[in-house]
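Please look over the sequence and the structure shown here before reading on. The report is meant for a reader who has not seen them before.

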Amino acid sequence: MVTIQADRRVRTPRPRRNGKAGLRYGIAFIAPFVALYVVFVLVPVAQAVVMSVHDWDLLGATREFIGLDNYVRMLWGVDITWSMGHLFWWRMAILVLAAVLLVGPARRRRITLWRTAGLLALIAVAFALGFHPAETGFWFDPRFWTAMQNTLLFTAVSTPLIAGLGLAMALALQGGRRGVRWYQMAFFLPYILPVSVVTLIWTYFLSPNQGLLAALLEPLGIAPIPWLSNTDTAMIAIIATTVWWTVGFNLVLFAAGLQDVDASLYEAASLDGAGPWGKFVHVTLPGIRHVLLLVMVMQVIASFQVFGQVNIMTGGGPGSSTDVVIRHIYQTGFRDFELGYASAMSLVLFAIMLVVSVIQMKFLGKDATK
Amino acid sequence: MTAVSQTRALIAPGAARPRKDGRQQVPGLRRATATSWYHVAMIAATLVWLLPMIWMTSLALSDNAALAQETQFLIPRDFTLDNLLGVFSVGLTSRWFLNSAIVSILTTVVTVLLCAMAGYAFARIDFRGKAIVYGSVLAGLMIPKEAMFVPLFTMVADVQMHNTYAALILPRIAAPLGVFLMTQFFSQVPQEVEEAARIDGAGPWRTFFFIMLPLARPAMIALAIFTFVQTWNDYLWPLVSATRAEMFTITTGLASLQGNFAQATELGSLMARGLVGSLPLLIIFLLFQRHLIRGISMTSGGK
Amino acid sequence: MTRPALTGNPNPAALAAVLDTTSTTERKHMHKKKIAGAAASLTAAALLLTACGTGTGTEGGNAAADLTEQIAAVTDDQLDGVTITMSRMFGDCEETTQGVTDPSLAASECEAIQILTNQFNDENEYGITVERLGGADWHSYYDAFNASVAGGEPADIANLHDYSMSDYAQRDQLLAFDAEAVGIDLSDSTTQAQSSVVYDGDTYAVPFDSHAILAHINTDILGAAGYMGEDGRPIMPTSADELLEMAAAVKEKTGTYLFSLGVANDDMAWRMFYSLVRQQGSDVVSADGEAQIDTPEAAAALELMNELIEGGYIHTDADYAGSIDEWKDGKSAILVNGTWVVNEYAATAPFGYAVADFPALMGEPAVWASSHMWVLPRQRDDDPVAYRAALEFASFLYDNTDVWAVATGHIAPRVSVVESAAYQAAPNREFYTSTALDAIRFVPQIDNWTAVKDLIHTQLEEVWFNGKDVAAALGEAQSRVEQQLD
């Protein structure tokens with residue numbers, strides 16, 4: 001019987017088969033999956049591409065080719081100008097970020113093609129943010145920009161929060177003590193609930209006159225806060241709900257990743273005189289780097305696609321403070337019947353997620369291959 | 001062993017060493033106190049964390065009429081099992097559970113198998129065009145589901161396959177995440193395993209089915225649990241595809257029991273339905289939790 | 001770049017490695033292949049799309065007239081044994097209504113419609129059977145309905161609201177029919193109901209009910225504030241000033257809010273706003289289909305509501321369930337809610353309860369109303385027998401609007417029903433008869449009303465939750481709706 005040896009010699013793994021035989025087996029193995037994938041994923045995407053250059057009514061009223069009009073409608077407006085000063089500080093921040101990310105690799109003379117591409121993308125974004133409607137102008141689709149803003153805010157806040165909290169919890173739960181498994185299970189539990197149940201519980205939990213939170217905070221002298229009807233707190237409530245729902249999953253990922261960090265490295269670090277923080281930065285973090293990347297990428301993708309919580313808990317409100325891109329797309333398709341425009345928006349969102357994910361993977365990925 | 005001692009080193013650095021003044025520390029006692037505080041803190045943390053779910057259970061066990069007046073309590077008011085039992089007394093509930101079970105189980109089994117095969121190929125078999133295909137599959141992770149499902153819907157409608165199990169199962173099998181996980185796992189398996197198999201005279205199929213698959217069990221279980229949870233909790237697709245009451249899954253079925261303004265008049269029942277609908281997932285998770293963690297460990301690139 | 005070595009610690013390279021397995025030249029080659037592949041699949045997809053249609057067929061004018069004749073020509077024999085499908089809101093209550101055919105036993109919307117369906121199945125002279133299709137919860141009803149229409153398989157008879165009917169009618173997804181031919185006497189309905197089922201001169205729907213907002217009164221509190229009359233009826237204000245006086249009196253003498261209404265993530269406050277605008281004889285969209293939001297009437301309505309908020313007479317934190325909770329707990333005098341809760345509160349209110357028309361504060365009596373109606377979605381095969389069966393069922397439902405109205409509190413569309421003794425005898429109905437017959441105002445029948453309403457509602461929420469200036473909010477609503485209506 002084949003046994004797996006712990007000892008692994010340094011070997012360059014050769015491909016299993018070469019040439020024709022490899023192709024034959026390769027196709028045979030991937031064929032069932034790829035067949036389903038093409039039919040159920042790629043074809044709908046192709047259809048979406050086709051629809052996006054049409055004025056395509058959901059119920060068949062129109063099917064008219066309109067070229068790139070949908071994209072213009074999404075991204076442009078009447079009387080749009082560019083100025084240096086618009087959103088100045090945000091753009092400065094992006095440029096500073098780009099500079100900072102350049103410094104390290106520049107010093108180490110490891111400016112790769114991907115790094116350059118990423119930096120150029122950042123600079124392009126900083127440039128693009130200068131566009132805005134003039135006094136007499138307006139965006140064709142102001143809701144798109146509001147939704148994009150909210151989505152980016154949601155992603156930027158919830159991703160580090162969920163990843164960071166997951167990591168912190170995993171660290172607190174490491175050590176193989178008795179009962180750790182039960183704690184892990186408890187923190188993971190919310191993940192199995194469907195979005196309808198999660199939002200139901202939290203809508204009630206946060207309610208100022210019917211919710212448990214208000215009742216618990218009252219003896220502490222804190223007045224009930226109308227979380228979901230206050231434009232300042234609605235997004236916070238959505239984020240909190242999402243964190244509660246999904247952190248457990250990342251906790252489990254990190255817990256497994258932590259288990260695999262080579263213990264001898266910790267001892268070596270101790271001998272070098274590193275304290276707990278030093279060990280964390282120099283041993284733990286590099287050791288779980290792959291999990292960290294996996295979690296960050298998955299979390300960013302999921303956050304860009306947030307929908308259920310917003311749709312059910314706040315309906316995009318109050319005002320439009322929690323409206324997000326997927327919701328806009330969904331309503332455009334289903335409420336307004338404008339499938340062409342909805343498809344165009346989905347593709348743009350997809351493109352943005354693709355770019356962000358690739359940049360994440362290349363930038364945060366390995367530059368020090370062992 | 002090393003994990004435990006390393007953690008101890010992190011948390012109670014002094015515990016292992018004797019004190020300088022010569023008096024012997026009783027390391028066991030100090031460790032025990034730290035441990036009990038740890039457990040107290042953890043139990044408190046988990047209780048706070050689970051508070052919303054505890055409250056939900058409490059509301060599910062309260063009478064609907066009482067809830068119309070007051071909801072801010074942790075202990076059930078006018079304790080009643082009617083809400084929970086009410087879910088089961090609806091004639092079609094067992095049918096909905098069955099539908100969910102069939103769809104989820106079949107989806108899971110087929111997904112895991114197909115993703116394992118594809119993952120093995122992407123990781124271990126070299127062939128032309130592999131990178132493109134793999135890249136396209138990964139790109140599929142970023143396709144917004146809610147936005148893309150109308151073309152899928154019309155496609156299935158055109159072949160008149162709505163209201164069938166196939167319509168609920170097939171679109172879900174092509175899951176990029178599954179391929180991603182399995183590919184990662186298989187790229188960790190040492191070359192020697194395959195070498196040994198080849199020397200033994202096994203072809204790629206035998207190698208895959210009799211050697212690789214058993215090795216991949218932890219990863220497959222991890223993928224299985226994720227797939228099962230996602231499929232079980234899926235709402236939108238079953239909503240539009242399975243429109244006959246006998247074909248509802250448990251999620252859409254329970255939602256269909258809701259009248260307008262249900263929250264105002266039958267909050268307890270709503271909460272009870274939520275609980276009951278998730279119960280099977282809870283049981284499955286409890287049963288497979290051990291495997292889940294080990295499984296993830298392998299796929300994240302562990303030993 | 002070859003694949004990385006499997007060293008003692010393969011972890012770090014794994015992720016990047018599997019993504020990065022080809023050389024640059026290979027990649028360029030792949031790139032070309034990718035473009036070719038993409039072009040091929042796009043062509044295939046385009047061909048696929050032209051081959052497959054979505055939605056049901058659209059017929060020309062001649063065909064429609066033919067259809068009406070064909071439907072009229074359907075014989076009773078042909079109807080025998082036909083099964084049609086129905087899609088509706090209202091939830092599911094199989095378990096309490098299994099086998100029940102006596103509508104007087106109905107205690108909720110769901111039970112009422114289900115029992116009526118059972119009764120029809122049991123008693124109709126043609127042998128038609130009606131089956132229910134779909135069963136989404138209320139919020140997802142339109143999603144499911146739209147999907148079914150887009151997929152070409154909608155139910156034979158479906159439930160819609162007045163404001164959405166025109167969207168489907170203009171897309172040729174509904175059957176235009178001759179109501180008289182199946183014994184549906186639309187002239188018995190109120191003028192509002194009659195116009196609500198007509199689009200572009202054709203009848204597309206059968207009205208089932210209308211539901212408006214009402215004032216649900218806690219007479220104990222109102223009495224303590226001095227606003228209960230000798231006759232046991234509340235003294236309702238007839239102007240904005242009187243309203244504010246009443247609010248002040250309630251606050252002073254009982255320390256409670258004047259109104260409870262759902263403002264957060266709910267439509268009740270919007271409905272109040274709309275009612276106030278209609279009371280002044282205005283509307284948010286003009287008869288010509290022009291946006292008309294930035295008007296003095298709308299401003300006056302918003303300003304009145306702002307005064308109520310600033311005075312502490314209403315607050316904006318509650319959602320639908322919260323507002324009811326609050327009122328039931330005795331924290332307010334009046335609950336602004338709809339007709340659908342009249343029966344429930346009459347039976348269970350823990351204090352003196354009275355219903356009144358929503359007060360006419362800014363002119364003529366007018367309140368927001370919506371209505372449920374039955375439509376016949378077009379089917380792929382345009383089978384006149386199925387259409388006729390559905391129309392017979394619709395006719396039955398129209399004949400039973402009295403049963404529905406009594407069981408649910410909704411307002412029947414038929415004048416004869418509203419004026420009948422049986423209806424008037426039901427709890428509190430006599431007190432909102434004038435609403436039922438005169439004051440109800442449906443929203444304008446325009447393309448995609450929901451989008452227009454959302455745009456206005458968002459701006460209103462900015463005013464209520466974000467303190468946005470009334471003029472600015474109305475101005476922005478005006479321009480956005482203009483853009484939408486373009």
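## Model and confidence

This is a predicted model. Its overall scores are ipTM 0.82 and pTM 0.85.

For chain C the mean pLDDT is 85, and 86% of the residues in chain C reach 70 or more. Among the elements of chain C, the lowest mean pLDDT, 36, belongs to helix α1 (residues 11-19) of chain C. The highest, 96, belongs to helix α12 (residues 268-279) of chain C. Residues 1-39 of chain C have pLDDT below 50, and this stretch makes 64 contacts in the model beyond near neighbours in sequence. Residues 45-61 of chain C also stay under 50. For residues 45-61 of chain C, the model has 27 contacts beyond four places in sequence.

## A helix pair in chain A

Helix α5 (residues 142-172) of chain A and helix α9 (residues 234-259) of chain A have axes that come within 7 Å of each other. These axes cross at roughly 40 degrees, so α5(A) and α9(A) are oblique to each other. The crossing of α5(A) past α9(A) is right-handed.

On the α5(A) side, the residues making the contact include L153(A), F154(A), V157(A), L161(A), I162(A) and L165(A), with S158(A) and G166(A) also among them. On the α9(A) side, they include M235(A), I239(A), V243(A), V247(A), L251(A) and F254(A), with T242(A), T246(A) and N250(A) also among them. By class, the contact of α5(A) with α9(A) has 18 nonpolar residues, 5 polar residues and no charged ones.

## Domains of chain B

The domain assignment divides chain B into domain 1 (2-60) and domain 2 (85-299). In the contact between them, 4 residues of domain 1 of chain B meet 6 residues of domain 2 of chain B. The side of domain 1 of chain B that touches domain 2 of chain B has 3 nonpolar residues, 1 polar residue and no charged residues.

## Chain B against chain A

How many residues does each chain give to the contact between chain B and chain A? Chain B gives 81 residues and chain A gives 84 residues. Helix α16 (residues 267-299) of chain B supplies the largest share of the side of chain B that touches chain A, with 11 residues. By class, that side of chain B has 54 nonpolar, 19 polar and 8 charged residues.

Key:
Residues are numbered from 1 along each chain as its sequence is written. Chains are lettered from A and ligands numbered from 1 in the order in which they are written. This is a predicted model: local features need pLDDT of at least 70, side-chain atom pairs count only at pLDDT 80 or more; totals for chains, interfaces and linings use all residues. Axes are lines fitted to C-alpha atoms, for helices over the stretch in contact, and angles run from 0 to 180 degrees between N-to-C directions. Helices (H or I, at least four residues) and strands (E, at least two) are DSSP runs, numbered from the N terminus. Angles under 35 degrees count as roughly parallel, over 145 as roughly antiparallel, 65 to 115 as roughly perpendicular and the rest as oblique. A crossing is left-handed if the near helix is turned anticlockwise from the far one by less than a right angle, and right-handed if clockwise. Two residues are in contact if their C-beta atoms, placed from the backbone, lie within 7 Å. Ala, Val, Leu, Ile, Met, Phe, Trp, Tyr, Cys and Pro count as nonpolar, Asp, Glu, Lys and Arg as charged, and the others, Gly among them, as polar. pLDDT is the predictor's confidence in each residue, from 0 to 100. Domain bounds come from an automatic or database domain assignment.
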